[in-house]
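Please walk through the structure below, taking single residues, the sheet and the contact between the chains in turn.

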Protein chains: 2
Amino acid sequence: MSAESLYPFLDTPALVLDLDKMEANIKEMAGIAREAGVKLRPHIKTHKSPYLARLQLEAGASGITAAKLGEAEVMAEAGITDIRIAYPLCGEIKLARLRRLSESATVSCSLDSMEVARGISSVGQEMNRHFPVLLEINTGMNRCGALPGEEALALARKIAALPGLDLVGILTHEGHLLSTERSLASLRQRAIEVAEKMVMTADLLRSNGIDIREISIGSTPAVRYNAGVPGITEIRPGTYIFNDLNEMMSGVATEDTCAVTVLVTVVSIPGDDRAIIDGGSKTFSSDTLAHHEKPGFGHIKGHPDIVLDHMNEEHGYLKLSDARRKLEIGQRLEIIPNHICPIPNLADKFYGVRRGVLEKEIPILARGKNT
Amino acid sequence: MSAESLYPFLDTPALVLDLDKMEANIKEMAGIAREAGVKLRPHIKTHKSPYLARLQLEAGASGITAAKLGEAEVMAEAGITDIRIAYPLCGEIKLARLRRLSESATVSCSLDSMEVARGISSVGQEMNRHFPVLLEINTGMNRCGALPGEEALALARKIAALPGLDLVGILTHEGHLLSTERSLASLRQRAIEVAEKMVMTADLLRSNGIDIREISIGSTPAVRYNAGVPGITEIRPGTYIFNDLNEMMSGVATEDTCAVTVLVTVVSIPGDDRAIIDGGSKTFSSDTLAHHEKPGFGHIKGHPDIVLDHMNEEHGYLKLSDARRKLEIGQRLEIIPNHICPIPNLADKFYGVRRGVLEKEIPILARGKNT
């Protein structure tokens with residue numbers, strides 16, 4: 001397909017979703033979980049689409065993970081019934097929403113404080129049930145979470161003593177490994193260490209009478225290596241369904257396994273040093289690469305030498321020499337973004353294509369559900 | 001109002017719009033245009049709301065500016081009839097949409113190439129009219145646009161010779177001054193130089209028989225200084241309706257003239273070195289400050305010492321010492337973001353408040369309209 005005729009039936013910018021590639025990604029991760037003997041609970045923050053969540057469930061996922069209550073509500077409304085909210089829910093408005101959501105779906109939450117635990121405890125008591133919660137463990141991301149070992153035990157004891165909730169497990173997100181590790185060998189080693197810390201912490205809690213049944217870990221680059229660590233019960237990768245330039249740079253994806261590209265049009269070539277495309281930060285987000293190992297904001301398929309150098313909201317600046325010879329106004333380009341997750345959040349739909357033909361428009365129903 | 005009780009009727013994250021401050025901002029800019037004797041055509045990319053566009057029109061704006069055709073369509077659907085699309089429209093799908101849009105509104109476009117001019121010429125010919133266009137001039141932003149002087153003249157001659165369009169004016173956006181200038185004195189000087197270059201270029205075109213009637217410039221920090229340059233006919237500022245930390249740092253806004261804050265909740269304080277809020281890059285965008293003169297992603301009202309240091313999609317990391325003493329889980333904070341324009345694009349509505357009371361929810365109808 002020549003660049004000039006790329007998807008002429010689509011207006012730009014557009015998110016082009018290659019269904020064959022996506023289905024292969026879904027299948028591959030389901031296989032990883034199956035081989036490791038763990039449950040797969042994909043994080044839907046990446047796609048925000050109940051339709052795609054359902055494809056993941058049909059391929060063997062045991063439930064889904066959401067970051068925000070608003071995402072979970074959209075998924076429940078679409079009939080998805082097993083949802084883990086990997087986020088500390090805080091405040092009366094959120095608790096009222098959690099209670100309503102729990103009437104139509106099996107919901108569990110992560111937490112790392114007594115303040116949040118007391119809120120969920122109150123919901124459980126009002127509903128006359130034991131609300132399932134997982135204690136979040138900080139395995140190096142330094143975001144939320146108690147430290148593995150004694151700090152986790154001290155908090156777990158207090159949480160487990162509350163009425164109206166059931167501390168069913170522990171959970172971590174090792175997303176930091178994408179940034180901290182620079183080779184697949186070190187990524188593998190650190191990913192295994194994360195899993196081992198989790199198992200050790202679960203054992204410590206169990207030996208202190210806390211009945212930890214679930215050990216949930218997850219991040220797309222890591223689960224290839226740590227899902228099989230004995231004791232792990234669940235993985236929660238998100239990005240794998242699409243992949244992105246970050247995953248390409250880390251070595252766990254290739255151009256051919258990146259399922260979503262941003263289709264853009266060259267709209268101006270005002271000089272030989274640059275060309276302007278119709279996608280900027282309101283299409284690509286301003287996320288840089290995890291390692292900053294490559295300048296710019298994406299990989300331009302077929303033009304690895306051209307850099308998407310910087311952006312304004314609706315303009316992307318391609319940096320190149322001989323711009324007027326290499327590109328033309330009206331030409332279309334497909335760009336694999338640095339980080340895919342924020343990008344569907346900026347769009348209303350995916351254009352699902354198979355071998356270049358539009359097969360299905362997939363609405364991004366949980367777009368912008370950040371509460 | 002104590003931080004704990006900030007807008008308890010709102011769920012978080014939320015965009016809180018102080019209506020008094022916004023109305024003052026609208027009035028101030030209308031005054032600047034009136035005193036300078038120029039038309040005001042606000043850029044609606046900042047708010048993406050037909051309701052707010054109408055307030056700007058009622059305060060004296062002569063029309064609006066949109067970046068994308070999709071934004072213009074939303075505004076036209078809401079009954080706004082004079083729309084300038086400050087963007088080169090490219091491709092058959094866009095031209096068909098432009099034709100439809102022109103049936104319900106007076107639309108003009110900017111352009112900087114013969115490729116785009118020929119497309120609009122064809123629309124004009126099909127509609128049996130002369131479609132109004134403005135030649136974009138590059139006054140230093142190095143984005144789109146012909147260079148002032150001879151390059152502009154050469155292109156203008158060719159465009160003006162096309163049937164079906166009317167080259168009514170020239171247009172520039174001097175948004176680069178926010179980044180390049182580090183004092184109000186130098187900003188003022190450069191802003192005036194931009195306007196003078198535009199007037200000079202218009203005169204050159206006129207002296208070559210091209211009837212340039214409009215000279216349109218604009219960017220929130222610059223128009224305070226260059227709107228009054230003789231010959232300028234129109235200004236197109238956008239950010240002024242809300243202001244942001246960039247405008248505060250440049251000296252043209254203060255905390256008190258920033259009309260939109262992001263209301264967030266502290267959801268985790270896992271250690272004394274940090275607190276986690278429920279707004280991340282899917283709420284704030286990842287835009288850094290224009291000058292990088294301050295670390296982080298926003299100014300936390302009442303806590304100038306706390307830095308919103310980095311973000312993941314749904315988590316913001318506050319960097320501070322003694323976190324457990326200074327903040328508590330459940331506490332609400334109001335944050336003035338680095339750059340306001342991408343932020344309404346991530347939300348569905350503004351919560352319009354007056355003296356702390358919710359007065360009106362304002363839907364962001366042109367959110368995500370990036371085609």
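In chain B, B:N243 sits in the loop that links β9 (234-235) to α10 (245-250). The model is a predicted one, and in it B:N243 has a positive phi of about 65° although it is not a glycine. Is B:N243 buried or exposed? With 25 other C-beta atoms within 10 Å, B:N243 is buried, because 20 or more such atoms is the cut-off for that class.

A second residue of this kind is in chain A. Phi of A:D322 is near 55°, again a positive value in a residue other than glycine. The residue belongs to the loop between β14 (316-319) and α12 (323-326) of chain A. Most residues other than glycine have a negative phi, and most peptide bonds are trans.

The peptide bonds also hold exceptions. In chain A, the bond from A:T12 to A:P13 is cis, with omega near -5°, and A:P13 falls in the segment before β1 (14-18) of that chain. In chain B, the bond from B:T12 to B:P13 is cis, also with omega near -5°; B:P13 is located in the segment before β1 (14-18) of chain B.

The loop between β9 (234-235) and α10 (245-250) can be followed in chain A as well, where it holds A:R236. A:R236 is buried, having 24 other C-beta atoms within 10 Å. Which residues does A:R236 touch, not counting residues up to four places away in sequence? They are A:R41, A:P42, A:H43, A:T65, A:A86, A:S216 and A:G218. One of these, A:H43, is 193 residues apart from A:R236 along the chain, yet the two C-alpha atoms are separated by 5.7 Å.

Next comes the sheet of chain B. It is an open sheet of eight strands with parallel pairing, in the order β2-β9-β8-β7-β6-β5-β4-β3. Which strands stand at the edges? They are β2 (39-40) and β3 (64-66) of chain B; each has a single partner strand, so one side of each is left without a neighbour in the sheet. Further in, β5 (residues 106-111) and β6 (residues 131-136) of chain B pair in the parallel sense over three bridges, and B:C109 stands opposite B:V133 in β6(B).

Helices pack on these strands. Helix α3 (residues 69-77) of chain B packs on the sheet and touches β3, β4 (82-85) and β5 of chain B, with its direction at about 175° to that of β4(B). Helix α8 (residues 184-207) of chain B lies across β7 (165-171) and β8 (214-217) of chain B and runs at about 160° to β8(B).

In chain A, strand β7 (residues 165-171) has five of its seven residues buried, so the strand is largely enclosed by the rest of the structure. β7(A) pairs with strand β6 (residues 131-136) of chain A in the parallel sense over six bridges. The bridge partner of A:L135 in β7(A) is A:I170.

Leaving aside residues up to four places away in sequence, B:M75 touches B:I44, B:P50, B:A53, B:I64, B:A66, B:I80, B:I83 and B:A366. In soluble globular proteins, nonpolar side chains tend to be buried together.

What remains is how the two chains meet. The contact takes 48 residues from chain B and 48 residues from chain A. On the side of chain B that touches chain A, the elements giving two or more residues are α4 (92-104), α5 (114-126), β10 (260-271) and α11 (281-284). β10(B) gives the most, with four residues. By class, this side of chain B has 18 nonpolar, 18 polar and twelve charged residues.

Chain B can be laid on chain A by a turn of 180° and a shift of 0.0 Å along the axis, with an RMSD of 0.0 Å. The two copies are thus related as by a two-fold rotation axis. In chain B, the C-alpha nearest that axis belongs to B:S286, 2.6 Å from it. The same surface serves both copies, as 100% of the contact residues of chain B recur in chain A.

How values were computed: Residues are numbered from 1 along each chain as its sequence is written. Chains are lettered from A and ligands numbered from 1 in the order in which they are written. This is a predicted model: local features need pLDDT of at least 70, side-chain atom pairs count only at pLDDT 80 or more; totals for chains, interfaces and linings use all residues. Copies are superposed by least squares on the C-alpha atoms of residues with pLDDT of at least 70 in both. Two residues are in contact if their C-beta atoms, placed from the backbone, lie within 7 Å. A residue is buried if 20 or more other C-beta atoms lie within 10 Å of its own, exposed if 12 or fewer, and partly exposed in between; C-beta atoms are placed from the backbone. Ala, Val, Leu, Ile, Met, Phe, Trp, Tyr, Cys and Pro count as nonpolar, Asp, Glu, Lys and Arg as charged, and the others, Gly among them, as polar. Two strands pair if DSSP finds at least two bridges between them. Axes are lines fitted to C-alpha atoms, for helices over the stretch in contact, and angles run from 0 to 180 degrees between N-to-C directions.
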